[in-house]
Amino acid sequence: MTSLLIRCQFKRKKENNRLLPLEHRGHFQCCSLYLSQVITCKAAIAWEPGKPLSIEDVEVAPPKSHEVRIKVVTTGVCQTDNEYLYETEQRMKFRPFPLVLGHEGAGIVESVGPDVTKFSPGDKVIPLFLPQCEECDRCRSPKTNQCRRNWANTQVGVLADGTSRISCRGQQVYQFLGVSSFSQYTVVPDTSLAKIRPDAPLDKVFLLGCGVSTGYGAAVKTGKVEKDSKCAVFGLGAVGLAAVMGCKAAEAKTIIGIDVNPARFEKAMLLGATGCVNPSNYNKSIQEVIVELSQGGVDYALECVGSPAVMTAALESTIDAWGVCVIAGWSETESMNVAVEKILMGRTLMGTYFGGWKSVSDVPKLVDAYMNNTLKLNEFITHSLPLDRINQAFDTLKNGTRYELIHLQLPAISL
């Protein structure tokens, strides 16, 4: 895979007849040109649910107070994007259209709005669908990562002032989860952005914007998988594979990967699974199979599909007295069937969002883990496509041949 590097150029300010280096704090003053400039670029727009995306020229407005405009270098096409486009009001709540999807990307800061103090043009960043303001009770609590700064707005595709920064043909285009990484440029709140080390390869670490962080954290952060434990991971897509990797990092003794697609087993074994099971090969329920294989039930079950039936199976595959089931798969409108007795007998059922990570502060640590070779990312990318072939990426997801992540390259443009 070839990494697409996008270079940002910024004018330097003279002081006492000498040019200040870009890293000097005074360069904020030289960015006023960018702050007043609307950028025209390419984006993939979903004009209505259930229809292919359309590559359009869009206008991206300057960032407002506490906002940052970024040049998106690379983005992943995640199953969640597919579900919001093609399964709206089935498993997913309705989001307004037209919409620019994409929530798992990486890029470079192009300009910053007023009151932004933690970012500068040229910084490498990962935009986040989960904020971290570092000021609210939730951010100050070690019990949760679920900050609610701008949450209600970004969930419906707008920023703090109730509007989007992206428009097309004179019409507002909503920003998916406040991110919209299927655009060459986007604007995000400064509380929904992680600054990362300058030597990090953006065409790899973008994966930490969603799937890998979610699955890996489900095991090591939320579930707190213990050494020598028995684990079962339901679903071996990107989230599930990352959960396998998390169980391996936690030194679990047994890690059973479960999926109806045996083509996924080789990668699961590479990332740490000690065995894999295809439910289609048995004439009994998968929870019965796992209880039998683990001699009484696994200590930890991680559900990474988003199916209520699989969630129930995952819970029932755990051992009574201390079994833990972590739900990482995403569904917004469906209900899970839980037999009360399964909980009364000592099992714990819990959910995780973004793997339990404090987004702004923990994502840079995950980038460090990758750079230090203690976290795998390269193995998760199966395709690399340009933005103008984005519908091919969605076709791959719908055809079921995808088991990891598709990497989209967003071509550079000159301003």
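Two strands count as paired if DSSP finds at least two bridges between them. In this predicted model, Ile 45 stands opposite Ser 54 in E4. The protein has 415 residues, of which 56% are buried, and its secondary structure comes to 13 helices and 20 strands. Among contacts with a separation of 6 or more, 71% are between residues 24 or more positions apart.

**Barrel**

- Five strands close into a barrel, and their order is E3-E4-E9-E10-E6.
- The pairing in this barrel is mixed.
- Strand E3 (residues 39-46) and strand E4 (residues 54-60) run antiparallel and are joined by seven bridges.
- Strands of a sheet pair through backbone hydrogen bonds, in either the parallel or the antiparallel sense.

**Arg 165**

- Arg 165 is found in the loop between helix H4 (151-155) and strand E9 (166-168).
- The relative accessible area of Arg 165 is 3%, and the cut-off for buried is under 20%, so Arg 165 counts as buried.
- The side chain of Arg 165 is joined to that of Asp 161 by a polar contact of 3.0 Å.
- With neighbours within four places in sequence left aside, the contacts of Arg 165 include Glu 59, Val 60, Ala 61, Pro 62, Lys 64 and Glu 67.
- Leu 159, Gln 175 and Val 187 are also in contact with Arg 165.

- Thr 75 belongs to strand E5 (residues 67-77).
- Thr 75 is buried because its relative accessible area is 0%.
- The side chain of Thr 75 reaches the backbone oxygen of Glu 104 at 3.0 Å.
- A polar contact of 2.7 Å joins the Thr 75 side chain to the side chain of Ser 181.
- Gly 102 sits in the loop between strand E6 (99-100) and strand E7 (105-112).
- Gly 102 has a relative accessible area of 0% and is therefore buried.
- Gly 102 and Thr 80 are 22 residues apart along the chain, and their C-alpha atoms are separated by 9.0 Å.

- E16, H10 and E17 make a β-α-β unit, which is right-handed.
- E16 and E17 pair in the parallel sense over four bridges, and the bridge partner of Glu 303 in E17 is Ile 327.
- E17 also pairs with E18 in the parallel sense, over four bridges; here the bridge partner of Cys 325 in E18 is Leu 349.
- Both faces of E17 are covered: Val 324 and Val 326 are buried on one side, and Cys 325 and Ile 327 are buried on the other.
- In helix H10 (residues 308-316), the buried residues are Pro 308, Met 311, Thr 312, Ala 313, Ala 314 and Leu 315.
- In an α-helix, residues three or four places apart point the same way, because there are 3.6 residues a turn.
- Strands E13 (230-234), E16 (300-303), E17 (324-327) and E18 (348-351) are among the elements against which the buried residues of H10 pack.
- The buried residues of H10 also pack against helix H9 (286-293) and helix H11 (340-344).

**Aromatic residues**

- The count of aromatic pairs comes to eight.
- In the pair of Tyr 216 and Trp 357, the ring centres are 6.4 Å apart and the planes are at 15°. Planes under 30 degrees apart count as stacked, so this pair is stacked.
- The pair links distant parts of the chain, 141 residues apart: Tyr 216 is in helix H6 (residues 211-222), and Trp 357 is in the loop between E18 and helix H12 (359-371).
- Tyr 216 and Trp 357 are both buried.
- One aromatic cluster is formed by Phe 129, Trp 151, Trp 330, Tyr 353 and Phe 354.
- Over the face of Trp 151, a member of that cluster, lies Arg 148, at 4.2 Å from the ring centre.

Note on methods: Residues are numbered from 1 along each chain as its sequence is written. This is a predicted model: local features need pLDDT of at least 70, side-chain atom pairs count only at pLDDT 80 or more; totals for chains, interfaces and linings use all residues. Side-chain values use heavy atoms; hydrogens and water are left out. Buried means under 20% relative accessible area, exposed over 50%, partly exposed in between (1.4 Å probe, protein chains only). Helices (H or I, at least four residues) and strands (E, at least two) are DSSP runs, numbered from the N terminus. Contact means heavy atoms within 4.5 Å. A polar contact is a pair of N or O atoms within 3.5 Å; within protein, one must be able to donate a hydrogen and the other to accept it, and residues adjacent in sequence count only if both atoms are side-chain atoms. A crossover is right-handed if, with the strands pointing away from the viewer, the path from the first strand over the helix to the second runs clockwise. Rings of Phe, Tyr and Trp (its six-membered ring) pair if their centres lie within 6.5 Å; planes under 30 degrees apart count as stacked, over 60 as edge-to-face and the rest as tilted. A charge sits over a ring if NZ of Lys or CZ of Arg is within 6 Å of the ring centre and within 35 degrees of the ring normal.
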